[in-house]
Amino acid sequence: MTDNVPPLPGRIVLDEIVPARAPWDHIVRLGETLRIIDLEGNQSADFLMYALHDDAERYSAQDTIAAQRNIFLRTGSVLLSNEGRAMARIAATTVAYHDTIGGACSCESNTLRYGYHTKSHHACVDNFLYANSRHGRGKRDMVSNINWFMNVPVEPDGTLGIVDGISAAGLYVDLLAEMDIVAVISNCPQINNPCNAFNPTPLRVVIAAPDPVPEACSTRS
Ligand SMILES: [Zn+2]
């Protein structure tokens with residue numbers, strides 16, 4: 001563990017680095033906790049989530065926002081699927097809030113926002129398509145995402161911003177899986193706005209499983 005993060009309870013089943021700009025995906029079982037650590041600060045971790053056993057069920061920003069009546073994700077937020085079921089909850093986070101309305105960067109959105117010369121820049125949608133291809137998913141399976149560690153404030157008139165992050169080195173989010181899920185991360189490669197402080201950096205991911213419940217002692221002699 002990084003020095004300034006507390007240990008996760010239970011048994012560590014995975015602990016690895018997601019390099020800057022890279023995709024990542026892994027199964028997280030019911031009851032396991034996925035921790036994502038912003039190692040160097042101000043690094044957006046774009047995130048998708050699918051039900052393991054039927055990926056027609058997947059994370060829904062709309063259902064999540066409507067149910068919690070708030071657009072930001074904080075400790076205690078329950079992440080709902082398009083079928084209204086709890087997929088995971090934020091068990092803890094050291095960042096004030098996370099975004100789920102800013103979307104994921106793509107070659108198309110880069111071109112619109114920053115000019116045609118950015119069309120060839122590596123983007124989150126490419127990472128998502130690559131990671132999802134390993135599970136047989138394609139463009140039709142690209143849905144609303146979460147941007148862990150990204151700051152998308154909403155002004156009183158409804159205007160969205162993508163501004164300097166509110167995250168910092170060593171801050172993290174812990175997701176407790178409420179069903180078996182496939183978690184997909186794009187370690188955002190964006191260099192045209194401040195979501196990664198114009199300098200994409202690595203993330204760390206840790207998965208912890210609950211300690212097995214000891215078998216009850218037999219009362220028979
Ligand atoms: Zn991105």
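## Exercises on a predicted model

The largest nonpolar core has 33 residues, and those with the most contacts inside it are Trp24, Leu34, Ile36, Phe47, Leu79 and Trp148. The model is a predicted one.

**Exercise 1.** Find the residues in contact with Ile36, leaving aside its neighbours within four places in sequence.

*Solution.* 
- Start with the cut-off: contact means heavy atoms within 4.5 Å.
- Leave aside the neighbours of Ile36 within four places in sequence.
- The list for Ile36 is then Ala45, Phe47, Trp148, Phe149, Leu171, Tyr172, Val173, Ile185, Arg204 and Val205.

**Exercise 2.** Work out the order of the 4 strands in the open sheet, and say which stand at the edges.

*Solution.* 
- The order is 2-9-4-7, with antiparallel pairing.
- Strand 2 (23–28) and strand 7 (146–148) each have a single partner strand, so they stand at the edges and one side of each is left without a neighbour in the sheet.
- From one strand to the next, the twist averages 30°.
- Within strand 9, Ile181 stands opposite Val28.

**Exercise 3.** Which strands does helix 3 lie across, and which of its residues are buried?

*Solution.* 
- Helix 3 (residues 124–133) lies across strand 2, strand 4 (45–51) and strand 9.
- To strand 9, helix 3 runs at about 145°.
- Use the cut-off for burial: under 20% relative accessible area.
- Cys124, Asn127, Phe128, Ala131 and Asn132 of helix 3 are buried.
- These residues cover an arc of only 125° around the axis, which puts them on the same side of helix 3.

**Exercise 4.** Locate the protein donors of the zinc ion, and explain why Cys105 and Cys188 tie together parts of the chain.

*Solution.* 
- The donors are the SG atoms of Cys105, Cys124 and Cys188, lying 2.2 to 2.3 Å from the zinc ion.
- Their spacing in sequence is C-x18-C-x63-C.
- Cys105 lies in the loop between strand 6 (86–93) and helix 2 (107–114).
- Cys188 lies in the loop between strand 9 and strand 10 (203–209), so the pair ties together parts that are 83 residues apart in sequence.
- Both Cys105 and Cys188 are buried.
- A second, separate core of 7 residues includes Cys105, Met150, Cys188 and Cys195.

How values were computed: Residues are numbered from 1 along each chain as its sequence is written. This is a predicted model: local features need pLDDT of at least 70, side-chain atom pairs count only at pLDDT 80 or more; totals for chains, interfaces and linings use all residues. Side-chain values use heavy atoms; hydrogens and water are left out. Two strands pair if DSSP finds at least two bridges between them. Helices (H or I, at least four residues) and strands (E, at least two) are DSSP runs, numbered from the N terminus. Axes are lines fitted to C-alpha atoms, for helices over the stretch in contact, and angles run from 0 to 180 degrees between N-to-C directions. Donors are N, O and S atoms within 2.8 Å of the metal (3.2 Å for Na, K and Ca); water is not among the atoms, so sites may look incomplete. Buried means under 20% relative accessible area, exposed over 50%, partly exposed in between (1.4 Å probe, protein chains only). A nonpolar core is a set of buried Ala, Val, Leu, Ile, Met, Phe, Trp, Tyr and Cys residues joined through side-chain atoms within 4.5 Å. The arc is that of the directions from the helix axis to the C-beta atoms.
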